[in-house]
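Q: I have just opened this one and would like to be walked through it. Could you take me through it step by step?

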Amino acid sequence: SEELKMSTVYLLDPELMPLLDMIGDMKINAETLPKLRDARFSRPIPNDDPAVRREEIFVANPNGPDVRCLLYQPESANGTTAGYLHLHGGGYVMGAPEGSIAMNNLIVKTLGVTVLSSSYRLAPEHLATEALDDAYLALGWLHEHSNELGIDPLRIGIGGESAGGGLAAALAIHARDQGEYAICHQHLTYPMLDDRTGTDASPGDPLTGEFVWTRASNRFGWASYLGDLTPSAPYVPARLEEFKNLPPTWVHTVTMDLFRDENILYAQKLLSAGVPTELIVSKGGCHGFQMVPNTGIGRRYQADFLDALGRGLSVSG
């Protein structure tokens, strides 16, 4: 409501005010979804970086369409390096690897690692089972091609933002339970972890979730993603009961994000299970704060992100 808008805008970092104009009154539902998906692709894709080699690859899928990925490698690689599987955001219902080109270029340039940025089948056309299958195939591809890519298979991390962070968390659980592919680190930016957040039974702190990704969006995203599946781990990471032996974790969230408290709780459960975990809660940020260029919160996030990822993959930037 308008009344709610007036009540939390004072908590927003003033440098993020342009975001409110950028997104307008964005509502995500079955009616608006096709248009929102198209709009994501109308944005210009950043220019290629001469220090980074990027190519499109397809990972074979015996049970469905091949998984389309963007593979990034340093132009001048020397010796064995680490690998990072990136999963994009978009509430499980939209988004594509192209949305993260600038950040993935920066990771490759700064840390000298190989990045595989994977697509995955989107809801509501496809359910959580298929998205996780695609992410697992991409992880397998990175492991199986580690030798030719010059990657140490014991230094492969995973991560993503929002739904991509949620899918990365699901992938970490699934990979642990399968025991087939090692993951050395998970890197989660305001991950989407809990289907209960924003429901009548679990509305969450009213000072969160006003901007960009709202309770209504969250209900739509999760309902689309789960369909008639029983909400359970790994598809809903927050419903996990056994957190032991998950990979060391970095979680970054912001004070006004609808996911703030589920992110903090997830980090606490990891810590209680003896999983090395770092949690950052940045003041005054809302979901999608990185969309506004040249802000203090954005610079701090980027520095923390690269520093923690370098440590997680045992490389120095």
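Q: Which residue takes a positive phi just after α8?
A: That residue is G227, with a phi of about 50°. Helices here are DSSP runs of H or I with at least four residues, strands are runs of E with at least two, and both are numbered from the N terminus.

Q: Before we go on, what kind of model is this?
A: This is a predicted model, in which local features need pLDDT of at least 70, side-chain atom pairs count only at pLDDT 80 or more, and totals for chains, interfaces and linings use all residues. Residues are numbered from 1 along each chain as its sequence is written, and side-chain values use heavy atoms, with hydrogens and water left out.

Q: Back to α8, how many of its residues are buried?
A: Nine of the 12 are buried, so α8 is largely enclosed by the rest of the structure. Among the buried ones are R215, F220, W222 and Y225; buried means under 20% relative accessible area, exposed over 50% and partly exposed in between, with a 1.4 Å probe and protein chains only.

Q: OK, the sheet now: what is the strand order?
A: The open sheet has eight strands in the order β1-β2-β4-β3-β5-β6-β7-β8, with mixed pairing, and two strands count as paired if DSSP finds at least two bridges between them. Its edge strands are β1 (52-59) and β8 (277-282), each of which pairs on one side only.

Q: Which way do β2 and β4 run?
A: Strands β2 (residues 67-74) and β4 (residues 114-118) run antiparallel and are joined by four bridges, with C69 standing opposite S118 in β4.

Q: And β7, is that buried or exposed?
A: Six of the six residues of β7 (residues 249-254) are buried, so this strand is largely enclosed by the rest of the structure. Both of its faces are covered, with T249, V251 and T253 on one side and W250, H252 and V254 on the other.

Q: What about its pairing with β6, parallel or antiparallel?
A: The two strands pair in the parallel sense over four bridges, and T189 stands opposite H252 in β7. The chain crosses from β6 through α8 to β7 in a right-handed β-α-β crossover, meaning that, with the strands pointing away from the viewer, the path from the first strand over the helix to the second runs clockwise.
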